[in-house]
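Subject: The structure you asked about

Hi,

Here is the structure I promised to pass on. Please open it next to this email, and my notes follow just below.

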Amino acid sequence: MLRLEQIVKKYPTGDHALRGVDLEVPEHQVMALIGPSGAGKSTLIRCINRLVEPTSGRIWLKDLEMVSLNARELRRARRRIGMIFQEYALVERLTVMENVLSGRLGYVGFWQSWFRRFPQTDIDHAFMLLDRVGLAEFADKRADALSGGQRQRVGIARALIQQPDLLLVDEPTASLDPKTSRQIMRLITELARERNLAVIINIHDVPLAQMFAQRIVGLRQGTLVYDGTPEGLTADRLTDIYGEENWEGQFKAEEDPATEAQAQIADARRFDPVV
Ligand SMILES: Nc1ncnc2c1ncn2[C@@H]1O[C@H](COP(=O)(O)OP(=O)(O)OP(=O)(O)O)[C@@H](O)[C@H]1O
């Protein structure tokens with residue numbers, strides 16, 4: 001589905017952010033990218049859709065080689081890659097519905113997008129997605145009236161309306177409380193399963209990554225130093241990634257199936273209070 005070959009990124013400042021990263025992500029896999037600050041996680045995620053230009057290397061999205069695409073081809077290819085950001089990147093004065101539909105801007109013509117005229121199929125899809133992320137009743141609310149958790153749900157719906165093959169998620173829970181963080185991670189992983197998406201999540205919270213991702217990749221100083229299961233992330237492996245530390249107490253937070261089922265039901269019904 002996605003294959004990175006020897007990705008190198010050296011910024012003009014001389015920072016060597018990625019030092020030859022090889023990585024393959026199959027369809028339906030939720031992969032968490034962890035590592036200390038400055039390890040190159042955001043750079044790696046942004047190289048995939050070329051928000052950051054790799055210095056060298058190749059990136060295959062199925063049979064499409066991303067690095068060699070010209071600007072027009074790249075615009076088209078980016079439709080296949082949804083992105084979810086830490087700070088949501090919503091347009092504050094627009095409604096929830098308009099924000100979700102903005103995910104279709106790459107598909108409609110210039111004048112249609114200028115007048116924000118979207119096909120009925122897009123509008124129906126947006127309503128369906130808003131319902132799925134628990135925001136059906138918020139379609140007409142302005143984005144600036146939403147809580148952090150609700151904003152991230154809008155960000156998820158906006159990424160999914162593109163109908164991407166791959167989701168790139170950059171610190172989706174960094175501004176959220178622990179409970180909302182779990183709900184957002186649960187939603188992302190459920191949607192990935194439902195839609196057969198490959199997902200790469202850049203995340204600092206290791207227990208949260210272990211709880212929801214099928215695979216963990218650890219970066220250190222631009223080099224891949226761990227690639228394995230959540231369970232395999234022992235104290236020694238954490239030291240490989242983050243350096244020497246007493247990792248006692250860094251446990252894998254298990255989800256209790258009964259509590260989990262209740263949480264999902266509650267999740268489906270709940271709406272975050274508007275703050
Ligand atoms: N636009 C830029 N110009 C120059 N250097 C940069 C730029 N962006 C990142 N870097 C450098 O590249 C390296 C990797 O940064 P990056 O933001 O990818 O790391 P990260 O693992 O995502 O860190 P964090 O967890 O703190 O977000 C760092 O040394 C950083 O200073």
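Helix H1 (residues 41–48) supplies the largest share of the shell around the ligand, three residues. Helices here are DSSP runs of H or I with at least four residues, strands are runs of E with at least two, and both are numbered from the N terminus. Before going on, please note that this is a predicted model, in which local features need pLDDT of at least 70 and side-chain atom pairs count only at pLDDT 80 or more, while totals for chains, interfaces and linings use all residues. Residues are numbered from 1 along each chain as its sequence is written, and side-chain values use heavy atoms, with hydrogens and water left out.

**The ligand site**

The ligand is surrounded by 14 residues, and the closest are Ser 37, Gly 38, Lys 41, Thr 43 and His 204.

An oxygen atom of the ligand is 2.8 Å from a polar backbone atom of Gly 38. For Ala 39, the distance from a polar backbone atom to a ligand oxygen is 3.1 Å, and for Ser 42 it is 2.8 Å. The protein covers 64% of the 630 Å² of accessible area that the ligand has on its own. Accessible areas come from the Shrake-Rupley method with a 1.4 Å probe, and for residues only the protein chains shown count as cover.

**Helix H1 itself**

Six of the eight residues of H1 are buried, so the helix is largely enclosed by the rest of the structure. Buried means under 20% relative accessible area, exposed means over 50%, and partly exposed is in between (1.4 Å probe, protein chains only). The buried ones are Lys 41, Thr 43, Leu 44, Ile 45, Cys 47 and Ile 48.

Thr 43 lies in this helix and counts as buried because its relative accessibility is 9%. Leaving aside neighbours within four places in sequence, Thr 43 is in contact (heavy atoms within 4.5 Å) with Lys 9, Tyr 11, Ala 17, Leu 18 and Val 52.

Leu 33, in strand E3 (residues 30–34), is buried at 0% relative accessibility. Beyond its neighbours within four places in sequence, Leu 33 has contacts that include Lys 41, Leu 44 and Ile 45. Leu 33 and Ile 203 are 170 residues apart in sequence, yet their C-alpha atoms are 6.2 Å apart.

**The fold and its cores**

The chain has ten helices and ten strands, and buried residues make up 50% of its 275 residues. Of the contacts in the chain with a separation of 6 or more, 69% are between residues 24 or more positions apart.

The largest nonpolar core has 50 residues, and Ile 156 and Val 199 have the most contacts inside it. Helix H7 (residues 178–194) gives the most to this core, with six residues. Apart from it lies another core of 30 residues, among them Leu 23, Val 25, Leu 61 and Ile 200. A nonpolar core is a set of buried Ala, Val, Leu, Ile, Met, Phe, Trp, Tyr and Cys residues joined through side-chain atoms within 4.5 Å.

**Backbone details worth a look**

Most residues other than glycine have a negative phi. Lys 62, not a glycine, has a positive phi of about 50°, and this residue lies in the loop between strand E4 (56–61) and strand E5 (64–65). Gln 221 also has a positive phi, near 45°, and is found in the loop between strand E9 (215–220) and strand E10 (223–228). Lys 62 is partly exposed at 40% relative accessibility, whereas Gln 221 is exposed at 60%. Just after H1, Arg 50 takes a positive phi of about 60°.

Best wishes

Terms used
A residue is near a molecule or strand if one of its heavy atoms lies within 4 Å of it. A polar contact is a pair of N or O atoms within 3.5 Å; within protein, one must be able to donate a hydrogen and the other to accept it, and residues adjacent in sequence count only if both atoms are side-chain atoms.
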